[in-house]
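Here's a quick briefing to read with the model open beside you.

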Protein chains: 2
Amino acid sequence: MRDEFRADLQIVSQLLVDMAEGVRGALRQATTALLTADRAAAETVVAGDAEIDSLYRDVEERVCDLLARQAPVASDLRAMITALHVAADLERMGDLADHVAKTALRRHPSPAVPAELRPVFRDMATIADRMAEEIASLLAKPDATLAAQLDSDDDAMDDLHRSLFGVLLGDDWPYGVETAIDATLLGRFYERFADHAVNVGEHVIYLITGESAA
Amino acid sequence: MRDEFRADLQIVSQLLVDMAEGVRGALRQATTALLTADRAAAETVVAGDAEIDSLYRDVEERVCDLLARQAPVASDLRAMITALHVAADLERMGDLADHVAKTALRRHPSPAVPAELRPVFRDMATIADRMAEEIASLLAKPDATLAAQLDSDDDAMDDLHRSLFGVLLGDDWPYGVETAIDATLLGRFYERFADHAVNVGEHVIYLITGESAA
């Protein structure tokens, strides 16, 4: 019974790693779509979101099934509730990649982001990508130092987010309100992606240490 | 055992109603802060968010405790997992009210929203308030017609959100980029508040019917 439970939990864990890799790939492609007005990349992301959603449902069903079949002890219970939280964060990260891709599509064939803003979005995307990689590693093998790294990445993301507003609010912003609105929303999508990655890190740490970061 | 379980689930249910009423009150006050540059109202919302977060933790702990103490049957299990989802949505709705209040504070004593945009924000707030009221009722007494009402409210919210962009992108927008950025983010906060309310409705419907809306 106990071995069977471990094996089932291992499957859930692998599904979460798959989700993390899926959302990482989605945001990479969405960023390509955004920065190079690549329609095919954007469409791949939008079509692929259903797969991430389906992994999410799979995690939920397996956790519910496990809870129903077994009478888990407290620590196992904590692992399962954590899996539900992590899956919800990852599902939302997939939505945010989808929003980036849809913004690129809405402006296609024009680029949604003017040349001046591409460096800041490229940097935000690099950090987001690293964070997604870190949570995939963390889910495969819990590690408190990696979870701490997520916090410093998130600080870097917040700095970039502020510098984005600096550009938008500069006296010499030449692109008008529509482009500023797009950039505002895009900035928020990357920043929220990072927030959810931090949440995942906190959930995993809670699982290791039993202590909440809050 | 079964009666005790019912009583515990009833407590969780009441906590969710309290959360729904809490986020409703928070968004009402945040809107007042926004539309009348009322500093005290904004500070009340920001200070009150901790209480909503604390209710959230309370729901989580009680559900975990229930899962650990009892060996719930499938339908009870579904109710508990639903409670976790609903609590997470409500917690996020509280955060969004907090974001609205903080935007008002950041611009205080200037109004964050210029006169031209106040009607659209007032309408968005009215719909958001009705949706929060509906989910509080729904959580107290599940009702499929009320859940359907949430969808039509959400459509109205989306229409208002689009009309907001119409104003921002009009040839005669006189307020510059900074005000447009604030309005863009504020619009998103109200729209996301409504999305989470719809999620809550879907979770409750799933609980009644066993059928997912997706």
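Which side chain does B:D195 meet in a salt bridge? The partner is B:R192, at 3.1 Å from N to O; a salt bridge here means a side-chain nitrogen of Lys or Arg within 4 Å of a carboxyl oxygen of Asp or Glu. Keep in mind that this is a predicted model, in which local features need pLDDT of at least 70 and side-chain atom pairs count only at pLDDT 80 or more, while totals for chains, interfaces and linings use all residues. Residues are numbered from 1 along each chain as its sequence is written, chains are lettered from A and ligands numbered from 1 in the order in which they are written, and side-chain values use heavy atoms, with hydrogens and water left out.

- B:D195 and B:R192 sit three residues apart in helix α6 of chain B, about one turn of the helix. (Helices are DSSP runs of H or I with at least four residues, numbered from the N terminus.)
- Both ends of that pair are buried, meaning under 20% relative accessible area with a 1.4 Å probe and protein chains only; over 50% would be exposed, and in between is partly exposed. B:D195 comes in at 18%, and B:R192 at 14%.
- Helix α6 of chain B also holds B:R188 and B:E191, again three residues apart and separated by about one helical turn. Their side chains form a salt bridge at 3.6 Å, N to O.
- B:R188 is buried, at 11% relative accessible area, and B:E191 is buried at 11% too.
- What about a pair that links distant parts of the chain? B:D182 in helix α6 and B:R107 in helix α3 of chain B are 75 residues apart, yet their side chains meet in a salt bridge at 2.5 Å, N to O.

- Over all chains, the count comes to 36 salt bridges.
- In chain A, salt bridges link A:E4, A:D8, A:D65 and A:R69 into a network.

- A:E91, in helix α3 (residues 74-107) of chain A, is buried but has no salt bridge. Its nearest side chain of opposite charge is A:R92, 6.0 Å away. (Lys and Arg count as positive, Asp and Glu as negative; His and the chain ends are not counted.)
- Which residues does A:E91 touch, leaving aside its neighbours within four places in sequence? They are A:M19, A:I52, A:D53 and A:Y56, where contact means heavy atoms within 4.5 Å.
- B:E134 belongs to helix α4 (residues 118-140) of chain B. This residue is also buried without a salt bridge, and B:R130 is the nearest side chain of opposite charge, at 4.1 Å.
- Setting aside neighbours within four places in sequence, B:E134 is in contact with B:L146, B:Q149, B:L150 and B:D153.

**The second largest pocket**

- The second largest pocket holds about 510 Å³ of space. (On a 1 Å grid over the protein atoms alone, a pocket is an open set of points where a 1.4 Å probe fits, with protein on both sides within 12 Å along at least five of seven lines; lining residues have an atom within 4 Å of a point. Volume is the space filled by probe spheres set on the points, which are joined across faces, edges and corners.)
- Of its 17 lining residues, A:H161, A:F165, A:R188, B:R106 and B:L185 are the closest to the centre.
- The elements giving two or more residues to this lining are α5 (144-168) and α6 (176-209) of chain A, plus α3 (74-107) and α6 (176-209) of chain B.
- By class, the lining has nine charged, five nonpolar and three polar residues. (Asp, Glu, Lys and Arg count as charged; Ala, Val, Leu, Ile, Met, Phe, Trp, Tyr, Cys and Pro as nonpolar; the others, Gly among them, as polar.)

- A cis peptide bond joins A:H108 and A:P109, with omega about 5°; A:P109 is in the loop between α3 and α4 (118-140) of chain A.
- Chain B has a cis bond between B:H108 and B:P109, with omega about 5°, and B:P109 is in the loop between α3 and α4 of chain B.
- A:A37 has a positive phi near 50° although this residue is not glycine; A:A37 lies in the loop between α1 (2-36) and α2 (39-69) of chain A.
- For B:A37, phi is likewise positive, near 50°, and B:A37 is in the loop between α1 (2-36) and α2 (39-69) of chain B.
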